[in-house]
Amino acid sequence: MRIPAQSVCTAIRDDIVTGLFARGSRLTEEVLARRYGVSRVPVREALRTLESEGFVTTRRHAGACVAEPTEQEAADLLELRTMLEPLAASRAAARRTEAHLKVLRGLVRLGQDRIRRGQGEDLRSLGVWFHETLAQASGSPGLIALLTQLRHKIAWMYVVEQPALPAECWAEHGAIVDALARGDAERARSLAAHHADRAFSAYRLRRPAEVRPSQHAVNTASARA
């Protein structure tokens with residue numbers, strides 16, 4: 001059974017984002033193929049995709065290596081987010097479905113309930129889910145792809161601290177959803193811009209040596225079955 005290059009790409013990207021593959025380290029096709037239990041063909045395709053996304057760079061005499069972004073490049077990512085998320089919210093006000101609203105409202109209720117109960121452990125993952133759904137509601141495949149790539153790269157370069165006032169953060173989420181429900185594109189854009197600006201203080205640059213557990217892996221057992 002041939003493992004799709006997309007699955008290999010996801011696995012390599014996750015290992016880069018979590019720091020398992022250090023910045024500047026070499027990524028050889030042979031080693032990666034052994035790690036994920038696949039042939040070198042999907043690894044080669046995955047490395048090309050990751051190079052186009054900025055996670056991998058090709059060096060003369062060294063081949064593929066994990067990219068080493070500068071602090072300015074990292075800062076640019078947050079600035080791009082503050083530009084694109086309000087655009088996504090504005091489009092979502094016109095294009096969202098009832099299903100999108102149901103998920104977004106449910107996430108806001110969950111987040112606010114966790115805060116009331118003092119159970120903040122999963123607030124970050126709920127927040128990620130909220131923003132992913134908001135992007136999906138924009139109905140713009142290109143914008144969704146850009147925001148997804150930004151999310152991966154920001155997670156790679158930054159540690160995100162819990163907001164000092166999480167109740168305010170989730171109140172802002174709720175206000176954005178209300179604007180979407182009314183179809184008020186300008187209000188949704190303004191609220192999302194304010195929310196993104198406030199989030200700046202929660203980010204600090206990640207030290208290159210920081211490593212987190214990898215969350216994705218290629219199913220090598222099924223590949224050999």
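User: How are two packed helices described, and what are the values for α8 and α9?

Analyst: Two packed helices are described by the angle between their axes together with the distance between those axes. In this predicted model, the axes of helix α8, residues 166–182, and helix α9, residues 185–199, come within 8 Å and cross at roughly 160 degrees. Because angles over 145 degrees count as roughly antiparallel, α8 is roughly antiparallel to α9. The crossing in which α8 passes α9 is left-handed.

User: Which residues of α8 and α9 meet?

Analyst: From α8 come E168, C169, E172, H173, A175, I176, A179, L180 and R182, and these meet R187, A188, L191, A192, H194, H195 and R198 of α9. Sorted by class, the residues of this contact of α8 with α9 are eight nonpolar, three polar and five charged.

User: At what angle do the axes of α2 and α3 cross?

Analyst: The axes of α2 and α3 cross at roughly 115 degrees and come within 9 Å; since 65 to 115 degrees counts as roughly perpendicular, α2 and α3 are therefore roughly perpendicular to each other. The crossing of α2 past α3 is right-handed. Here E29, E30, L32 and A33 of α2 meet R40, V43, R44 and L47 of α3, and the contact of α2 with α3 holds four nonpolar and four charged residues, with no polar ones.

User: Which residues in the largest nonpolar core touch the most other members?

Analyst: In soluble globular proteins, nonpolar side chains tend to be buried together. The largest nonpolar core here has 36 residues, of which I12, I16 and L27 touch the most other members. Two or more residues of this core are given by each of α1 (5–17), α2 (29–36), α3 (40–53), β2 (63–66), α4 (71–95) and α7 (141–157). Leaving aside residues up to four places away in sequence, L27 touches I16, F21, L32, L47, V56, A64, C65 and V66. Another core, of 21 residues, lies apart from the largest one and includes F130, I176, V177 and L180.

User: Is R81 buried or exposed?

Analyst: R81, which lies in helix α4, has a relative accessible area of 13%; since buried means under 20%, R81 is buried. Again not counting residues up to four places away in sequence, R81 touches P86, H131, L150, I154 and Y203.

Methods: Residues are numbered from 1 along each chain as its sequence is written. This is a predicted model: local features need pLDDT of at least 70, side-chain atom pairs count only at pLDDT 80 or more; totals for chains, interfaces and linings use all residues. Side-chain values use heavy atoms; hydrogens and water are left out. Axes are lines fitted to C-alpha atoms, for helices over the stretch in contact, and angles run from 0 to 180 degrees between N-to-C directions. Helices (H or I, at least four residues) and strands (E, at least two) are DSSP runs, numbered from the N terminus. Angles under 35 degrees count as roughly parallel, over 145 as roughly antiparallel, 65 to 115 as roughly perpendicular and the rest as oblique. A crossing is left-handed if the near helix is turned anticlockwise from the far one by less than a right angle, and right-handed if clockwise. Contact means heavy atoms within 4.5 Å. Ala, Val, Leu, Ile, Met, Phe, Trp, Tyr, Cys and Pro count as nonpolar, Asp, Glu, Lys and Arg as charged, and the others, Gly among them, as polar. A nonpolar core is a set of buried Ala, Val, Leu, Ile, Met, Phe, Trp, Tyr and Cys residues joined through side-chain atoms within 4.5 Å. Buried means under 20% relative accessible area, exposed over 50%, partly exposed in between (1.4 Å probe, protein chains only).
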